[in-house]
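Subject: Structure handover

Hi,

Here is the structure I promised to pass on.

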Amino acid sequence: MYPGSWNATVVKQDGGLVLLESPLSGTYMAGVIDKAKRQNPDPSLKAVLSTSDSWPHVGGVRQVVALGLPVYILDLNKLLLERLVASPRHLLPDLLAQLPRHPAWRISDTLALNADGSLYAPELMREVMDAVKREHLEVTTVFAMHQEPVAWAQLTALVERALN
């Protein structure tokens, strides 16, 4: 995890790295990617997970699209991100303006806890729980851009409490 006001995280998986979030800017993401590649023996990038529609949260999406990475996004954010990726950069061309590509969107879900420890949107975490079950994943910890790591068991209990 690269902590800050907007966390960026590198998840090491079999066959490569997954970036959790692409905040702030293409320059910031280039730095995260460079550091991740230096710190990992298998530096290939597999995908990016972007969980929000707020500008500071998606400022680096153009960079990862330019690199040809599939980007997992919320379905509600697709239109906004399509416009972001399609916008021209004539005065200061970024990597996507220099190397135009079409985005490879994948639809995904998110996590957020309220200050009192309850779930912001329990139905979203329920979708994550369903995906974990469907994919037969063993999850011990979950985290997101503004969320410190939380035990999976704690989150599943919060979802059950909120939705029942």
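**What I found**

The protein chain has 7 helices and 7 strands, where helices (H or I, at least four residues) and strands (E, at least two) are DSSP runs numbered from the N terminus. In sequence order the pattern is β-β-α-β-α-α-β-α-α-β-α-β-β-α.

Before the details, some ground rules: this is a predicted model, with local features needing pLDDT of at least 70 and side-chain atom pairs counting only at pLDDT 80 or more, while totals for chains, interfaces and linings use all residues. Residues are numbered from 1 along each chain as its sequence is written, and side-chain values use heavy atoms, with hydrogens and water left out.

**Overall shape**

With 164 residues, a compact globule would have a radius of gyration near 15 Å, and the 16 Å of the protein chain agrees with that. The radius is taken over C-alpha atoms, and the globule rule is 2.2 Å times the number of residues to the power 0.38. Along the principal axes, the C-alpha atoms fill a box of roughly 50 × 35 × 30 Å. Buried residues make up 40% of the 164; buried means under 20% relative accessible area, exposed over 50%, and partly exposed in between (1.4 Å probe, protein chains only). Of the contacts (heavy atoms within 4.5 Å) between residues at least 6 apart in sequence, 63% join residues at least 24 apart.

**The largest pocket**

The largest pocket holds about 1,100 Å³ of space. For the record, a pocket is an open set of points on a 1 Å grid over the protein atoms alone, where a 1.4 Å probe fits, with protein on both sides within 12 Å along at least five of seven lines; lining residues have an atom within 4 Å of a point. Grid points are joined across faces, edges and corners, and the volume is the space filled by probe spheres set on the points.

There are 30 lining residues, with Gln 13, Leu 49, Val 128, Val 132 and Leu 137 nearest the centre. α6 gives the largest share, 5 residues, and β1 (9-13), β2 (16-20), β3 (45-49) and β6 (141-144) are among the elements that each supply at least two. By class the lining splits into 19 nonpolar, 6 polar and 5 charged residues (Ala, Val, Leu, Ile, Met, Phe, Trp, Tyr, Cys and Pro count as nonpolar, Asp, Glu, Lys and Arg as charged, and the others, Gly among them, as polar).

**Salt bridges**

I get 4 salt bridges, taking a side-chain nitrogen of Lys or Arg within 4 Å of a carboxyl oxygen of Asp or Glu. Arg 62 pairs with Asp 94, with 2.5 Å between the closest N and O atoms. That links distant parts of the chain, 32 residues apart: Arg 62 is in helix α3 (61-66), and Asp 94 is in the loop between α4 (78-86) and α5 (95-98). Arg 62 counts as buried at 5% relative accessibility, whereas Asp 94 is partly exposed at 22%.

Glu 160 and Arg 126 also meet in a salt bridge, at 2.8 Å from N to O. This pair joins helix α7 (152-163) to helix α6 across 34 residues. Both residues are partly exposed, Glu 160 at 33% and Arg 126 at 31%. Arg 126, Asp 130 and Glu 160 are linked in a network of salt bridges.

Cheers
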